[in-house]
Amino acid sequence: ILAQIVETQHEIQTSHLDLASTANLVVERILKITGAQGAAVGIVEDEKLVYHAGRGILARHMGQSMRPEATLSSSTMAHGVILRCTDASTDFRVNPEITKRLGIGSLISVPIFHSGRIGGALELVFAKKDAFHDQDVRTCQLMAGLVTETLIRTVEEDWRKGLAAERASMLEVLEKIKPQLARLANAPAAALALSKAQPEAAASLEK
């Protein structure tokens, strides 16, 4: 199991997968490892849980945007803890209407953390009651960590792109005003006269 998780991490890193691709790879691999009937990854966006991936009986979740309290991971999202639900029909922490409609007997929900906050959840569901083991919970934790890594990398890349765009914009502005700066440098007396002009002209020059 650890070898498969490491292989998944390696594929994410070497291919520089984005968040959606990472989420899809994670749910694909976790179903293969655990033999569960469904898996999904939801990420918090504008106070909603947006599902970036869904497989099996949770395939319909993909692309949906839901209030955290209306999801299978409501308890996880509210408290930031792992949900181990061995009997979905009797556990007060899950909505019985959702689990009955989807045919879920038991499930695991693991928080995805980002910047010290709950950034989402990884859901793994089984058709039968009491169908998972401790190693399945651990697998979910490790896979959720891979999503966190991608979240961090995505934020860093967005920051770098923003910085590069800002730098390019500044260079473009400097290039445009370079002739004006050159004229002022060659005619200091004219620059001094402009600085003593009317307030409107001075404000324009400053801008």
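The structure is a predicted model, in which local features need pLDDT of at least 70 and side-chain atom pairs count only at pLDDT 80 or more, while totals for chains, interfaces and linings use all residues. Residues are numbered from 1 along each chain as its sequence is written, and side-chain values use heavy atoms, with hydrogens and water left out.

Seven helices and six strands make up the secondary structure of the protein chain. Here helices (H or I, at least four residues) and strands (E, at least two) are DSSP runs, numbered from the N terminus. Along the sequence, the elements follow the pattern α-α-β-β-β-α-β-α-β-β-α-α-α. Of the 207 residues in the protein chain, 39% are buried; buried means under 20% relative accessible area, exposed over 50%, and partly exposed in between, with a 1.4 Å probe and protein chains only. Taking contacts (heavy atoms within 4.5 Å) between residues at least 6 apart in sequence, 56% join residues at least 24 apart.

Turning to the sheet, the six strands form an open, antiparallel arrangement in the order 3-2-1-6-5-4. Two strands pair if DSSP finds at least two bridges between them. Strand 3 (65-66) and strand 4 (83-85) stand at the edges with a single partner strand each, so one side of each has no neighbour in the sheet. Helix 2 packs on this sheet and touches strand 1, strand 2 and strand 6, its direction making about 45° with that of strand 2. For such angles, axes are lines fitted to C-alpha atoms, for helices over the stretch in contact, and values run from 0 to 180 degrees between N-to-C directions.

Strand 1 deserves a paragraph of its own. Six of its eight residues are buried, so strand 1 is largely enclosed by the rest of the structure. Eight bridges join strand 1 to strand 2 in an antiparallel pairing, and glutamate 45 stands opposite lysine 48 in strand 2. Six bridges join strand 1 to strand 6, again running antiparallel. On that side, isoleucine 43 has glycine 120 of strand 6 as its bridge partner, and alanine 40 stands opposite glutamate 123 in strand 6.

With 16 residues, helix 2 reaches 22 Å from its first C-alpha to its last, close to the 22 Å expected at 1.5 Å a residue; the expected span is 1.5 Å times one less than the number of residues. Helix 2 is mostly covered, with twelve of its 16 residues buried. Just after helix 2, glycine 35 takes a positive phi of about 75°.

In soluble globular proteins, nonpolar side chains tend to be buried together. A nonpolar core is taken as a set of buried Ala, Val, Leu, Ile, Met, Phe, Trp, Tyr and Cys residues joined through side-chain atoms within 4.5 Å. The largest such core has 30 residues, and those with the most contacts inside it are Val41, Ile108, Ile112, Leu122, Leu124 and Met143. At least two residues of this core come from each of helix 1, helix 2, strand 1, strand 5 (106-114), strand 6 (117-126) and helix 5 (134-186). Helix 2 supplies the largest share, eight residues. Apart from this core lies another, of 17 residues, among them Ala40, Met66, Leu83 and Val94. Leaving aside neighbours within four places in sequence, isoleucine 108 is in contact with residues including Ile82, Leu83, Leu122, Leu124, Phe132 and Cys140.

Cysteine 140 is itself buried, with a relative accessible area of 0%, and cysteine 85 is buried with a value of 0%. A search of the whole structure finds zero disulfides, a disulfide being a pair of cysteine sulfur atoms within 2.5 Å.

Some loop residues have positive phi values. Histidine 16, in the loop between helix 1 (2-14) and helix 2 (19-34), has a phi near 50° and is exposed, with a relative accessible area of 57%. The hairpin of strand 1 and strand 2 has two residues between the strands, and there aspartate 46 takes a positive phi near 55°. Glutamate 47, in the loop between strand 1 (38-45) and strand 2 (48-56), has a positive phi of about 65° although it is not a glycine. Glutamate 47 is exposed, with a relative accessible area of 71%.
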